[in-house]
Amino acid sequence: MSYVDEVIAKVIEQNPAEPEFHQAVTEVLESLRPVIEANEDAYRKDALLERLVNPERQFKFRVPWVDDNGQVQVNTGYRVQFNSAIGPYKGGLRFHPSVNLGIIKFLGFEQIFKNSLTGLPIGGGKGGSDFDPKGKSDREVMAFCQSFMTELCKYIGADTDVPAGDIGVGGREIGYMFGQYKRIRGLYEGVLTGKGLTFGGSLVRTEATGYGLLYITEELFKDHGDSLNGKTVVVSGAGNVAIYAIQKAHQLGAKVVTCSDSTGWIYDPEGIDVELLKEVKEVKRARLTEYAAARPSAEYHEGRGVWQIPCDVALPCATQNELHLDDAKQLVANGCKAVCEGANMPTTIEATKYLQDNGVWFIGGKASNAGGVATSALEMSQNSERLSWSFEEVDAKLKNIMVNIYHNIADAAKRYGCEGDYVMGANIAGFEKVAEAMTAQGIC
């Protein structure tokens, strides 16, 4: 049995009931076979892959809080500090009922390579809780966030582990957690990113993942002698990533005709109205039915369905495993040219392979949604320097990072005889840097 197969089998055996983590490890290691086989003896001797797939440490803790009725509620909190070979742990906090240890480990593992690709000195980590902020009052969200940070603060710091937001964790939640960290630790430091602009946050952070997704997609089209101008785009999701991906796509001359949330989706042939979408989702925190009610050109549909709309570009920006094999077949049948992931692992392995086998340009989330964590790292830099950069400065740095990521993953794929395989290219480019750092630092 090859070294790759041994490690995959061991991960599945040692981490039962964690299918997302198995999927992430399998996808990465399978695509790294050419690199690993070229260095198999050295990597096996140093147990490099075993060290790579095992978190340096992981925490699971209870989070008790009191709701508005005076009832005590108890949730579970997690933080997985996966790999610090190239810098302090960096990765978001996700508050969603689906959160469990396996999902946090999958996200933390992916984060290692994503962070490496940015070219910035940040390692991989992830955290969160099964708490659901939807339907909760501000006071209830604050009570939960303060309790969560009371435990989490023991394990994080500006030079140790710097969490950010993710699904269910926006500026409100970051603010409450930062306040509690400062209160307990007595430190005013850049321990969280995604903070408000009045207390150390960075301009462009809100837009970063969506903007970065479009910058790398634009560079992909340029590299193939094409552009996004005039293209029809379908987007899933209606959260932070989707909203700003839609906004930037429109700025680049494309027309986005769909978005979705957990209950249904919108088809708007005239193009999604970004300001209306922001009003519905960011201000009212309402369902997309309200978008359809306010926009005569929009159709609302229950359930899933954005991938059936004919398009040139598909941008999955919602959650993991949302684009299935049947969806991929529909996209190919409708002539889709490119799929670039805005969410973490939103395309199943079978769907990814089908898209690649049928000539669709496919960039996985490790590369295409790295804009968020890249700008988080830029926020860390500003905090360390006690400076604040302009919107234009941060946006220019973000665009440069995403353009560089595209060329690094394209070059890595070419070096190993797989030109155009951007998934393999991203995994190789991210892995090489981390592996070199781990080897240089000895067995630790």
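Colleague: Happy to look at it with you; what should I keep in mind?

Modeller: This is a predicted model, where local features need pLDDT of at least 70, side-chain atom pairs count only at pLDDT 80 or more, and totals for chains, interfaces and linings use all residues. Residues are numbered from 1 along each chain as its sequence is written, and side-chain values use heavy atoms, with hydrogens and water left out.

Colleague: Why is the pair of tryptophan 65 and phenylalanine 131 called edge-to-face?

Modeller: Rings of Phe, Tyr and Trp (its six-membered ring) pair if their centres lie within 6.5 Å; planes under 30 degrees apart count as stacked, over 60 as edge-to-face and the rest as tilted. For tryptophan 65 and phenylalanine 131 the centres are 5.4 Å apart and the planes stand at 90°, so the pair is edge-to-face. Tryptophan 65 lies in strand β1 (residues 57-66) and phenylalanine 131 in the loop between β4 (123-129) and α7 (138-152), so the pair ties together parts 66 residues apart in sequence. Helices (H or I, at least four residues) and strands (E, at least two) are DSSP runs, numbered from the N terminus.

Colleague: What makes phenylalanine 131 buried?

Modeller: Buried means under 20% relative accessible area, exposed over 50%, and partly exposed in between (1.4 Å probe, protein chains only). Phenylalanine 131 has 1% relative accessibility, so this residue counts as buried.

Colleague: And why do phenylalanine 131 and phenylalanine 144 count as stacked?

Modeller: Their ring centres are 3.9 Å apart and their planes at 5°, so that pair is stacked. Phenylalanine 144 is buried too, with a relative accessible area of 0%. Phe61, Trp65, Phe95, Phe131, Phe144 and Phe148 form one aromatic cluster.

Colleague: How do you know that lysine 248 sits over the ring of tyrosine 211?

Modeller: The rule asks for NZ of Lys or CZ of Arg within 6 Å of the ring centre and within 35 degrees of the ring normal. Lysine 248 lies over the face of tyrosine 211, at 4.4 Å from the ring centre. Lysine 397 does likewise over tryptophan 389, at 4.8 Å from the ring centre.

Colleague: What makes β6 and β11 a strand pair?

Modeller: Two strands pair if DSSP finds at least two bridges between them. Four bridges join strand β6 (residues 232-236) to strand β11 (residues 313-316), and the two run parallel. In one of them, valine 235 has leucine 315 of β11 as its bridge partner. Both strands belong to an open sheet of five strands in the order β7-β6-β11-β12-β13, with parallel pairing.

Colleague: Why are β7 and β13 called edge strands?

Modeller: β7 (255-256) and β13 (361-363) each pair on one side only.
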